[in-house]
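Subject: Structure handover

Hi,

Here is the structure I promised to pass on to you. Have a look at it first, and then read on for what turned up.

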Amino acid sequence: MKTRQELIDFCMTFPATYEDYPFSDIKDIGIWTIMRHGANKKSFCQIYERHEKLCVNLKCDPLEADVLRQTYKDITPAYHMNKTHWNTVIIDGDVPKEELKRMIEHSYDLIKPKTKKRKLPKLTKIYELLYKRYGNLNWWPADSPFEVMVGAVLTQNTAWSNVEMAIANFAKFNKLLTPKLIENIPIEELSEIIRPAGFFNQKAVYLKAVTEWFSKYDYNIETVKRGNLEYLRKELLAVKGVGKETADSILLYAFNFPTFVIDAYTRRLLERLGFENIPKEYDNVKAMFETALPLDVTLWNNYHACIVINAKEHCKAKPTCTNCPLIGVCGHSALVNLEG
Ligand code: SF4
């Protein structure tokens, strides 16, 4: 880097940099190229000629500035600038090219706007905002706890609207959706009824399995409710087709146990809000919520419901952030605004 243009080109490699010529109207001062940061207009490199030599003024940490002046004869306290914080470097002298580049970069780092670390919203604050918008959603949308269980199985890998069609089909087939029905109905017939939910052959097997589990409690909701949460969760997880999300949905929404449901919407929301190091394991994300929130089944019930509704209305695969209740605390929307 021996010419003004080479220096300018190098400076322009730093984000948001532009060149400025504020002294062009002043006679006898020569051409001063001032390289500035676009966001705060501060300069980090001033290029000019003095005694027929090309020079740059660069900002520098004061302690380092002293060391550099003692090391290189072509680095001196800055001409026309604060001499504690700025150095002048004569170009094409004894300062190696790599050292000069490093000094320019250091100067840029000193003047660039400091980015404030965004404060993450607390999980309680997020719920507060969701609740304010959606209120109490009275989940799960079902006529009975057993219908919740059926819905929790049918909703795997499909949209809720398909589950609604599948459940409505029981009436169309003149069947009353009860545990006894699922226990006794031939599996082919059950598959046909739940066809709209997709994967119907598989899901028919799962429905039979979860119903068999329920039969151990004589199909009595109150008996299950008197059970131990951890024990019941383990039992459910051993049932064919029941994963953690399904087990927790059944325990929370059918039997009112305090267990937080984690799904893909929850993960997506956490990521977009800006949470870092989100655990990969389901149980650890669940623990994140359960330890941050008061032990309140109604709150846990409605929190998950709000996350789902917000994911459908705003936080979709391609989010529509405008009017989202979380826009004020969301890292993703902040990013979009910045880029926009
Ligand atoms: S502001 Fe946008 S990205 Fe953030 S939660 Fe709302 S919809 Fe999702």
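How do the residues of the shell around the ligand divide into nonpolar, polar and charged? There are 8 nonpolar, 3 polar and 1 charged. Before I go further, please keep in mind that this is a predicted model.

**The ligand**

The ligand has 12 residues around it, and the closest are C315, C321, C324, C330 and H332. Two elements give two or more residues to this shell, namely α13 (264-273) and α16 (331-339).

**Overall build**

The protein holds 16 helices and 6 strands. Its radius of gyration is 33 Å, while the globule rule gives 20 Å for 340 residues, so the protein is more spread out than a compact globule. You can see this in the C-alpha trace too, which spans about 100 × 35 × 35 Å along its principal axes.

As for burial, 29% of the 340 residues are buried. If you take the contacts between residues at least 6 apart in sequence, 57% of them join residues at least 24 apart.

As background, nonpolar side chains tend to be buried together in soluble globular proteins. Here the largest nonpolar core has 54 residues, and the members that touch the most others are M149, V153, L207 and I250. Helix α5 (residues 145-154) gives the most to this core, with 7 residues.

**Backbone points to look at**

Most residues other than glycine have a negative phi, and most peptide bonds are trans.

- W139 and W140 are joined by a cis peptide bond, with omega about 5 degrees. W140 sits in the loop between α4 (123-134) and α5.
- N138 is in the loop between α4 and α5 as well. N138 is not a glycine, yet its phi is positive, near 50 degrees. With 9 other C-beta atoms within 10 Å, N138 is exposed.
- K41 also has a positive phi, about 65 degrees, although it is not a glycine. You will find K41 in the loop between β2 (33-37) and β3 (43-50). K41 has 11 other C-beta atoms within 10 Å, and the cut-off for exposed is 12 or fewer, so K41 counts as exposed.

Is C306 buried or exposed? C306 has 23 other C-beta atoms within 10 Å, and a residue is buried at 20 or more, so C306 is buried. C306 lies in helix α15 (residues 297-313). Not counting residues up to four places away in sequence, C306 touches L130, Y131, Y134 and L137. C306 and A204 are 102 residues apart in sequence, and their C-alpha atoms are 29 Å apart in space.

F255 is found in the loop between α12 (244-254) and α13. Although F255 is in a loop, F255 counts as buried, with 21 C-beta neighbours inside 10 Å. Which residues does F255 touch, not counting residues up to four places away in sequence? They are P145, I221, V224 and K225. One of these, V224, is 31 residues from F255 in sequence and 7.2 Å from it in space, C-alpha to C-alpha.

I29 lies in the loop between β1 (17-20) and β2. I29 counts as exposed, as it has 11 C-beta neighbours inside 10 Å. I29 and E49 are 20 residues apart in sequence, with 9.2 Å between their C-alpha atoms.

Happy browsing, and do write back with any questions.

Best wishes

Methods:
Residues numbered from 1 in each chain as written. Predicted model: local features only at pLDDT ≥ 70, side-chain atom pairs only at ≥ 80, totals over all residues. Near = placed C-beta within 6 Å. Helix = DSSP H or I, 4+ residues; strand = E, 2+ residues; numbered from the N terminus. Nonpolar A, V, L, I, M, F, W, Y, C, P; charged D, E, K, R; others polar. Rg over C-alpha atoms; globule rule 2.2 N^0.38 Å. Contact = placed C-beta atoms within 7 Å. Core = buried A, V, L, I, M, F, W, Y, C linked by C-beta atoms within 7 Å.
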